[in-house]
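Hello,

Here is the structure we talked about handing over. Please open it first, then read my notes below.

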Amino acid sequence: MKETEPDTQHYPVKENPFWLTFEACVQKYGAVLLTFIVIAALCGAFSEGFLSKKTRQSGDQKLAVHYERFGRLQSDMNMTVTALSPAHQRVVITLGGDFMQQYEIRTLQPQPTSMSSENGALRLEYTGVRPGAAFDVWLGLTPLLPGRSTQQISMDGAQSVAIGQFIYP
C-alpha cells in the first residue's frame with residue numbers, strides 16, 4: 001500500500017468547502033424557485049392569464065372594464081370597455097389618469113365618430129348607438145413605461161371606474 005503525502009500532491013483547482021456548500025444550496029433551491037416562476041408565468045402573474053384578467057364595474061353598473069392587471073413593456077395588451085348606453089344614441093367614453101402617458105393605442109374597435117384630447121384624457125365619442133344596449137369598445141394597447149399605473153375610465157352619465165396595472169420591464 002502506497003502512502004501519499006497531502007502536502008506534496010498538487011490539484012489543478014483548490015476547492016473551498018464553503019463554495020461547494022453554496023453551489024449545492026443554489027442547485028437545490030434554485031430548481032424549486034425556477035419551477036415556481038414557471039408556474040406563476042403560466043397562471044398569468046406576468047401577463048395574460050387567469051391571475052391577470054380582471055373586470056371592474058362602476059357602482060351604478062353602467063360601465064365595466066375588462067383588462068389585464070399585469071403586462072410587459074412593449075408587449076400587446078387588451079382592454080374592453082363595456083358601456084350600457086343611455087336613453088339617447090350618444091356615448092362618450094373618457095380614458096384618463098395615466099392612460100395617455102402609459103399606453104400607445106394600436107387598435108381601437110369600433111372607430112369613434114369623434115376623438116379628442118383634453119386635460120390629459122382621451123375622449124371617444126360614438127353616435128348611432130342603440131339605446132339601452134350594451135356597447136363594447138376594444139382597445140389593443142402597448143405599454144410604454146414600466147411600473148405601476150392608475151387609469152380612470154368614465155362615461156357621460158355613469159360613475160367612473162379606476163383600474164390599476166403593473167407593467168414589468
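**What turned up**

Phe-18 counts as exposed, because its relative accessibility is 52% and the cut-off for exposed is over 50%. Bear in mind that this is a predicted model. Phe-18 sits in helix α1, which covers residues 17–43. Together with Trp-19, Phe-22 and Val-26, Phe-18 makes a nonpolar surface patch of about 450 Å².

**The open sheet**

Five strands form an open sheet with antiparallel pairing. Their order is β1-β2-β4-β9-β6. The edges are β1 (53–57) and β6 (103–109). Each edge strand has a single partner, so one side of each lacks a neighbour in the sheet. On average, neighbouring strands are turned by 20° against each other, direction ignored.

Gln-109 stands opposite Trp-138 of β9.

**Backbone points to check**

A cis peptide bond joins Gln-109 to Pro-110, with omega at about -10°. Pro-110 belongs to the loop between β6 and β7 (114–118).

Two glutamines deserve a look as well. Gln-61 is not a glycine, yet its phi is positive, at about 65°. This residue is in the loop between β1 and β2 (63–68). Gln-61 counts as partly exposed, because its relative accessibility is 47%. Gln-74 also has a positive phi, near 65°, and is likewise a residue other than glycine. Its place is the loop between β3 and β4 (77–84).

**Salt bridges**

How many salt bridges does a search of the whole structure find? The search gives three.

- Glu-125 with Arg-90: the closest N and O atoms are 3.0 Å apart. This pair links distant parts of the chain, with Glu-125 in strand β8 (residues 121–127) and Arg-90 in strand β5 (residues 90–97). Arg-90 is partly exposed, with a relative accessible area of 34%.
- Arg-106 with Glu-104: the N to O distance is 3.7 Å. Arg-106 is partly exposed at 49% relative accessible area. Glu-104 is partly exposed too, at 33%.
- Glu-118 with Arg-123: the closest N and O atoms are 3.9 Å apart. With 42% relative accessibility, Glu-118 counts as partly exposed. For a cut-off check, a salt bridge requires the nitrogen within 4 Å of the oxygen, so the 3.9 Å of this pair falls inside the limit.

**Aromatic pairs**

A pair of aromatic rings is described by the distance of the centres and the angle of the planes. The count here comes to seven aromatic pairs. One of them is Phe-70 with Tyr-168. The centres are 6.3 Å apart and the planes make an angle of 35°, and the pair is tilted.

Where do the two partners, Phe-70 and Tyr-168, lie? Phe-70 is in strand β3 (residues 70–72), and Tyr-168 is in strand β11 (residues 161–168). The pair therefore ties together parts that are 98 residues apart in sequence. Tyr-168 counts as partly exposed, because its relative accessibility is 23%. Both residues also belong to one aromatic cluster, with Phe-46 and Phe-166 as the other members.

Best regards

Definitions and conventions:
Residues numbered from 1 in each chain as written. Predicted model: local features only at pLDDT ≥ 70, side-chain atom pairs only at ≥ 80, totals over all residues. Heavy atoms only, no water. Patch = residues over 30% accessible without salt bridge, like charges linked within 9 Å, V, L, I, M, F, W, Y side chains within 5 Å. Areas by Shrake-Rupley, 256 points an atom, 1.4 Å probe, with all protein chains shown as cover. Salt bridge = Lys/Arg side-chain N within 4 Å of Asp/Glu carboxyl O. Helix = DSSP H or I, 4+ residues; strand = E, 2+ residues; numbered from the N terminus. Buried < 20%, exposed > 50% of the residue type's maximum accessible area, 1.4 Å probe, protein only. Phe/Tyr/Trp six-rings, centres within 6.5 Å; stacked < 30°, edge-to-face > 60°. Pairing = 2+ DSSP bridges. Axes fitted to C-alpha atoms, helices over the stretch in contact; angles between N-to-C directions.
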